[in-house]
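This briefing is meant for a reader who is meeting this structure for the first time. Please look over the sequence and the model below before turning to the points that follow.

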Amino acid sequence: MSGTTVVRPAGYGVVRAGRGSFLVHRRSALVAGGLLLLLAAASVAYLCVGERFVGPSEVVRILLGESSPSAFVVAELREPRLVAALAVGAAFGIGGALVQTVARNPLASPDIIGISQGAGVVTVAAMTFGIGSYAALPYLSIAGGVLAAALVYVFAWRGGLHATRFVLIGIGFAIALRSLTTLFMTKGDYLVAQQAQIWMTGSLNGRGWDESAPIRWTLLLMLPAVLWAARAQRTVSLDDDTATALGVRLGRVRLGLVAVGVVLASVATGVAGPVDFVALLAPQIARRMTRTAQIPLLCSALAGAVTVVVADLLARRLLSPVELPVGVLTAAVGAPYLIWLIVRSRTAGGNA
Amino acid sequence: MSSRLTARGLTLAYEDRTVVDELDLAIPDGKVTVIVGPNACGKSTTLRALGRLLRPAGGAVLLDGEELAKLPTKRIARSIGLLPQTPVAPEAITVGDLVSRGRQPHQAWWKQWSEEDERAVTDAMERTDVAALADRSVDALSGGQRQRVWIAMALAQETDLLLLDEPTTYLDISHQVEVLDLVRRLNRLRGRTVVLVLHDLNQAARYADHLVAMKAGRVVAEGPPEEVVTAELVRDVFGLESVVVPDPVTGSPLVVPGAPWHAEVVR
């Protein structure tokens with residue numbers, strides 16, 4: 001790396017590495033740094049707070065591997081759940097950002113256009129038929145989410161992907177799948193329905209290393225795809241004709257972006273349930289902070305992680321000793337935001 | 001006369017409605033070609049097909065003798081630049097950012113910005129006189145400025161062929177002239193081959209080296225404007241009675257429509 005230079009695309013810097021050169025949006029880099037600090041602070045707070053308070057300095061020492069009487073509480077009880085929260089939040093952030101990019105609509109997030117509902121219906125069906133292990137359920141809900149997304153994509157396709165059609169058909173599927181889920185819940189017995197209800201709200205309760213393994217592996221394996229997506233997003237944000245004229249294979253790029261987004265959101269849903277509104281909110285928050293022309297992926301991931309960690313921290317402590325499902329809190333913040341977004345888009349005709 | 005871009009027996013259709021039927025067309029290299037015709041005659045559709053935005057239902061568009069449909073789209077983008085009729089900019093994008101996206105076909109994932117890119121973008125922005133707007137948001141520009149920014153983006157692509165679909169629509173007359181002069185400058189100074197779709201027959205006659213008149217999906221006449229634009233052609237293509245006189249400034253044909261409606265005077 002030989003440092004950055006000021007170039008034409010206003011607000012960008014160029015990082016050169018060997019023969020490669022990479023555009024970095026400077027404001028986004030600053031925002032990412034800020035979010036990272038915030039995330040670190042929230043994570044430490046998350047590990048401090050609980051039935052028993054552990055001081056921040058002690059938490060840091062435990063994380064560095066020093067022995068402590070509180071090591072068990074912090075490293076064995078709280079840390080695995082924190083990692084699950086981080087991974088789930090980041091995955092929802094990226095998944096939402098990619099689906100919103102392709103649909104060119106801030107409303108198009110996996111929990112609005114049927115992906116979470118697809119994961120939900122398969123998971124609840126599995127619970128009804130007696131499969132209740134948190135290690136097996138994720139794989140089923142991934143299949144459900146991907147299947148729902150594929151159906152929405154196919155039905156919205158008419159010689160090309162029409163963004164509004166995509167969102168409306170998605171919302172239709174979401175409603176249909178939700179009612180199917182309710183059907184399974186009323187069919188099943190009381191205990192299953194209760195377990196399903198909590199899962200449906202989105203909860204990190206009891207998510208340890210084993211339970212969060214699918215999302216951690218998915219994030220790791222999808223990293224190259226996410227790096228590709230971060231660049232590919234640039235061209236998809238232009239209109240169809242202009243993008244095609246610039247030599248973009250729009251159909252393939254869009255399918256690729258949706259696929260990456262759907263897989264991440266589905267796996268996250270499989271692990272924690274549909275934590276409402278994180279996938280919707282995080283990318284929009286990130287974009288408002290970076291003021292970029294497209295949704296910034298890294299910042300979306302960080303905003304998603306911060307949202308889930310803070311929400312779960314509050315969910316654990318707000319009504320303690322009763323633990324709320326994290327989805328209750330994200331929904332409490334997200335629903336008013338959604339209304340605001342719709343009201344605003346009607347007056348200003350805004351789009352993603 | 002050589003032509004890198006040609007259409008052979010080109011048939012174009014939306015769903016099952018045929019818009020252009022067995023069209024043969026050769027775009028002369030290094031010239032400004034203007035396609036004119038009444039609404040819905042297939043002129044924009046033809047331009048879209050020349051820029052591979054529309055797949056032919058029959059026949060082919062050839063670039064250097066090779067079928068467009070069989071060439072990698074990125075390779076086409078290094079030879080043909082195209083500005084659609086109503087391009088949409090991402091919300092809040094800056095002028096500099098938008099123009100720099102014209103470099104897309106010359107870039108790769110690991111090569112996101114080269115000195116060549118820098119030079120091409122700077123050049124395109126100076127040529128279209130938008131360099132001073134680099135940090136402004138595209139949303140906040142006037143119609144004329146915005147059109148210049150889009151043209152700058154297409155120029156930054158640095159293609160030998162440039163296709164512009166009604167670049168003067170929605171602009172007032174001074175901005176129309178500005179855009180058309182810019183096109184001519186590019187052609188005369190840089191030797192770019194330009195194809196324009198225009199609504200205004202008189203502007204077409206002024207700026208075209210090669211004029212193509214279309215009607216109902218077919219080419220009715222083509223050639224230098226002074227040979228093509230006649231009162232008969234205007235009647236045939238547009239169904240309008242007119243008088244064609246030499247333009248007092250350029251000498252190119254000027255179409256003056258017949259007398260406007262007036263009440264008959266009864267004595």
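Predicted model: local features only at pLDDT ≥ 70, side-chain atom pairs only at ≥ 80, totals over all residues.

In chain A, the residues A:V44, A:L47 and A:C48 of helix 1 meet A:P56, A:V59 and A:V60 of helix 2.

- Sorted by class, the contact of helix 1 of chain A with helix 2 of chain A has six nonpolar residues, with no polar and no charged residues.
- Helix 1 of chain A covers residues 26-48 and helix 2 of chain A covers residues 56-63, and their axes come within 9 Å and cross at roughly 100 degrees.
- Because angles of 65 to 115 degrees count as roughly perpendicular, helix 1 of chain A and helix 2 of chain A are roughly perpendicular to each other.

**Confidence in chain A**

- The pLDDT of chain A averages 86, and 95% of the residues score at least 70.
- Over residues 1-7 of chain A the pLDDT stays under 50, and for these residues the model has 12 contacts beyond four places in sequence.
- Residues 347-352 of chain A also have a pLDDT below 50, and this stretch has 12 contacts in the model beyond near neighbours in sequence.

**Where chain A touches chain B**

- On the two sides of this contact, 30 residues of chain A are in contact with 33 residues of chain B.
- Strand 3 (20-25), helix 8 (209-236) and helix 9 (240-245) of chain A are the elements that give two or more residues to the side of chain A that touches chain B.
- That side of chain A, counted by class, has 12 nonpolar, 11 polar and seven charged residues.

**Positive phi in loops of chain B**

- Although B:A40 is not a glycine, its phi is positive, at about 60 degrees, and its place is in the loop between strand 3 (32-36) and helix 1 (43-50) of chain B.
- B:A40 is exposed, because it has 11 other C-beta atoms within 10 Å and a residue with 12 or fewer counts as exposed.
- B:D129, which is not a glycine either, has a positive phi of about 65 degrees, and B:D129 is found in the loop between helix 4 (115-127) and helix 5 (143-156) of chain B.
- With 13 C-beta neighbours inside 10 Å, B:D129 counts as partly exposed.

Definitions and conventions:
Residues numbered from 1 in each chain as written. Chains lettered and ligands numbered in written order. pLDDT = per-residue confidence, 0-100. Contact = placed C-beta atoms within 7 Å. Helix = DSSP H or I, 4+ residues; strand = E, 2+ residues; numbered from the N terminus. Nonpolar A, V, L, I, M, F, W, Y, C, P; charged D, E, K, R; others polar. Buried ≥ 20, exposed ≤ 12 C-beta atoms within 10 Å, placed from the backbone. Axes fitted to C-alpha atoms, helices over the stretch in contact; angles between N-to-C directions. Parallel < 35°, antiparallel > 145°, perpendicular 65-115°, else oblique.
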